[in-house]
Amino acid sequence: MSNPQLLWADDEIDLLKPHIMFLQQKGYDVTTVTNGQDALDQVREKTFDLVFLDENMPGITGLETLQCIKEIQPSLPVIMVTKSEEENIMDQAIGGKIADYLIKPVLPTQMLMSIKKNLHARAITQQQQTSGYQQEFGRLSVSIDQAQTFEDWVETYKRLVFWELELSESDDTGLSQMLMMQKEEANTQFAKFIKRHYADWMQGKERPVMSTDIFKSKVFPALDNGEKLFLIVIDNFRLDQWRTIQPLLSEYFNCQEDVYCSILPTATQYARNAIFSGLMPDRISEMFPDLWVDEDSEEGKNLNEAPLIQTQLDRYRRKETFSYHKVNESRYCENLVGKLKSLNQYPLNVVVLNFIDMLSHARTDIKVVNELARTESAYRALTKTWLEHSSTLAMLKRIAEMGYKVILTTDHGTIRVDNPIKIIGDKNVNTNLRYKLGKNLNHQSKTVFEVTHPKDFGLPILNLSTSYVFATGHDFLAYPNNYNYYVQYYKDTFQHGGISMEEMLIPLITLEPKV
């Protein structure tokens, strides 16, 4: 591999020979010029990796040279070197998209550090990540083996997500493979944990914050403090996706990250209705049969969210008024941004954002979206791109300016599935790939979680022989009929409804406006 090529433009270049020799000894080839015009000629004729550019040279100035360099090679890193510490010069240089800014006199080690930051940062970062994860691997394995409580699993999952994000840009596929294996083992053990404890949680034994507790634990305390509140529920939103968009929101909010546990099934009809009603699905179907929609109904599964919120407020004898908004398209969000001022009359405003849910379904159905989100990293990147370029970010910025607190959460996450499990049921069995309910469900898998007494798990009963089967890990439930086509179509898609850390350990974020 050839040495990195540096260009150094400075009218006092003869005084800088010790610096040049130092960089050459470090393995850099340095081309020198004494004015901006010669620098531009060099950039047109030769490929450089980085430019050192003196701000104060005869002829065209350093700032003018910078602008011309960016027109010739927009991605070429330029480090401005100057004697001036005037703020307007710095502003002009930064506005010209410099890579770094050094004040004379400059030490050779300062220059080397700036070069490393701009040319070798990725390689150095990857080297540190490799070393860090290798040291963490053993500790993570112990953490997975010894996790006994919900809090243990939350901390383990947070560490796995941290390393997934750290290694997402790494070229070391071996490390990524090791992490994926650790996550698979963690999900296997997590599923066993849920199988052991979920029924006890439903019977009132000590349990984590779950879907039914969101209003009691977060919404009502804020209202009791006299705070105006937005509850924003993003469908299909995972912890790693939250960590990806957090930097965008940190400009406007102080962010407090918590994790709570979704109920089963980790599907919108169940989990989101549990959030809004504060009740488990069986209780919703018993107490408010007109608001519960059965699986076999052709009616939309989430048409009654605002009435369910009202039932919870009524049950706790709360008098607050609220607004409810479901955003399925950008124009709906733009309309909502336009009328935010009028929502000041409500202490509570509830917004449901369906973009990520639509993205996961589009990934299954639309080939171009599938290509754009082939990996977990790409799926996260699409989430960030959506927030950056949609009116959702403008909405959140405006909410912060209005001084509202925001509870940002989701009803469930998703997991990428790749392992089909054959299951047989009658014609009325539901279509979800991660859970099935119906009569006479048959399967040969030891990994699924079968619930034969739904009431013990807070689940509705369609008839006396109703049972539920939940997929775990990366499994998905497939019918024998047209099996090969079915498997090919859904393999490597993002699904929800079953048992995994990604689906059940989900973000519950408090955003305090920076006002």
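Contact here means heavy atoms within 4.5 Å. By that cut-off, residues 24 or more positions apart account for 73% of the contacts in the protein chain with a separation of 6 or more. This is a predicted model, where local features need pLDDT of at least 70, side-chain atom pairs count only at pLDDT 80 or more, and totals for chains, interfaces and linings use all residues. Residues are numbered from 1 along each chain as its sequence is written, and side-chain values use heavy atoms, with hydrogens and water left out.

**Whole chain**

Start with everything shown. The C-alpha atoms of the protein chain fill a box of roughly 90 × 55 × 40 Å along the principal axes. Colour by secondary structure: the protein chain has 20 helices and 19 strands. Helices (H or I, at least four residues) and strands (E, at least two) are DSSP runs, numbered from the N terminus. Now colour by burial. Buried means under 20% relative accessible area, exposed over 50%, partly exposed in between (1.4 Å probe, protein chains only). Of the 515 residues of the protein chain, 53% count as buried.

Two strands pair if DSSP finds at least two bridges between them. Axes are lines fitted to C-alpha atoms, for helices over the stretch in contact, and angles run from 0 to 180 degrees between N-to-C directions.

**Strand 4**

Four bridges join strand 3 to strand 4, and the two run parallel. Look for aspartate 54, which stands opposite valine 81 in strand 4. Then trace the chain from strand 3 through helix 3 (residues 62-72) to strand 4: this β-α-β crossover is right-handed. That is, with the strands pointing away from the viewer, the path from the first strand over the helix to the second runs clockwise.

Turn to strand 5 (residues 100-103). Strand 5 also pairs with strand 4 in the parallel sense, over four bridges. Methionine 80 has tyrosine 101 as its bridge partner, and threonine 82 stands opposite isoleucine 103.

**Helices 2 and 3**

Select helix 2 (residues 36-45) with helix 3. Their axes come within 10 Å and cross at roughly 10°. That makes helix 2 roughly parallel to helix 3, a label for angles under 35 degrees. Show side chains: Gly36, Ala39, Leu40, Val43 and Arg44 in helix 2 meet Thr65, Cys68, Ile69 and Ile72 in helix 3.

**Helix 9**

Jump to residues 214-224. The buried residues of helix 9 include Phe215, Val219, Phe220 and Leu223. Just after helix 9, glycine 226 takes a positive phi of about 80°.

**Glycine 438**

Finish in strand 13 (residues 435-438), at glycine 438. Glycine 438 is buried, with a relative accessible area of 10%. Leaving aside neighbours within four places in sequence, glycine 438 is in contact with Ser465, Thr466 and Ser467. Now draw a distance back to glutamate 55: the two C-alpha atoms, 383 residues apart along the chain, are separated by 75 Å.

Definitions and conventions: Parallel < 35°, antiparallel > 145°, perpendicular 65-115°, else oblique.
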